[in-house]
Amino acid sequence: MTDTAHPATAAPAPEKTTLDIIDIFHILPHRFPFLLIDRVIEIQRKQRIVAIKNVTINEPFFAGHFPNLPIMPGVLIVEAIAQAGGALLLTEVEDRGDKLIMFTGIERAKFRRPVVPGDQLRIEVELKSWRARPRMIAVRMEGVVYVGAKRVAEAVVSCQLLDRQRGRAASGGDGVGATAETDEAES
């Protein structure tokens, strides 16, 4: 009997369930000082994501919010919920570089205790609805933020994933997001 080599079949790559900061850079367009998640410790496609934000005194907002009593602004905690949800949404999109995520709503936001330097936020976001249409995906997500075992904030956020070109057209004639061709035509 002779030995025959069988062609190796590559096993499918395991689905990624965590993301480090480099992975997040490839998914989200946000950068310092506005990137508000540092790591993803759990991701279940189209269901749930858990992200971490390490809050340090070096955050630029602490200089003015508030001097001698640094507290993370609640609106930035809600933004961290949205960014975690955005990472969940964008992992489903191949051409994410051509997409723009836009907030469409914030509901039932509650802030239960201040977030201060030294806290580590655990941001848990669960997908509540996913609607896909040509050139647009709309989602609704519920986020809960913890420091240790204590719930510090929660909110329901809605957003749409649009083609970047459509997002620019939606900005209207105010010049915000207008292309160079539009600017020249108006001159």
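In the classes used here, Ala, Val, Leu, Ile, Met, Phe, Trp, Tyr, Cys and Pro count as nonpolar, Asp, Glu, Lys and Arg as charged, and the others, Gly among them, as polar. The model treated in these exercises is a predicted one.

**Exercise 1.** Describe the second largest pocket by its volume, its lining and the classes of its lining residues.

*Solution.* Begin with the space itself, which amounts to about 200 Å³ in the second largest pocket. Next, take the lining, which is made up of 13 residues, with His30, Glu79, Ala82, Ile101 and Met102 lying nearest the centre of the pocket. As for secondary structure, α2 (74-90) and β3 each contribute at least two residues to this lining. Finally, sorting the lining residues by class gives 9 nonpolar, 3 polar and 1 charged.

**Exercise 2.** Carry out the class count for the lining of the largest pocket.

*Solution.* The largest pocket has a volume of about 300 Å³, and among the residues that line this pocket are Glu15, Lys16, Asp23, Arg45 and Thr91.

**Exercise 3.** Locate Pro114 and decide whether Pro114 is buried, partly exposed or exposed.

*Solution.* Pro114 sits in the loop that runs between β3 (99-111) and β4 (120-133). Because its relative accessibility is 44%, Pro114 is classed as partly exposed, the class that lies between the cut-offs of 20% and 50%. Leaving aside residues up to four places away in sequence, Pro114 is in contact with Ile71 and Asp119. Ile71 is 43 residues from Pro114 along the chain, yet the C-alpha atoms of the two are 6.1 Å apart.

Methods: Residues numbered from 1 in each chain as written. Predicted model: local features only at pLDDT ≥ 70, side-chain atom pairs only at ≥ 80, totals over all residues. Heavy atoms only, no water. Helix = DSSP H or I, 4+ residues; strand = E, 2+ residues; numbered from the N terminus. Buried < 20%, exposed > 50% of the residue type's maximum accessible area, 1.4 Å probe, protein only. Contact = heavy atoms within 4.5 Å. 1 Å grid on protein atoms, 1.4 Å probe; cavity = no way out; pocket = protein on both sides within 12 Å on 5 of 7 lines; lining within 4 Å. Points joined across faces, edges and corners; volume = space filled by probe spheres on them.
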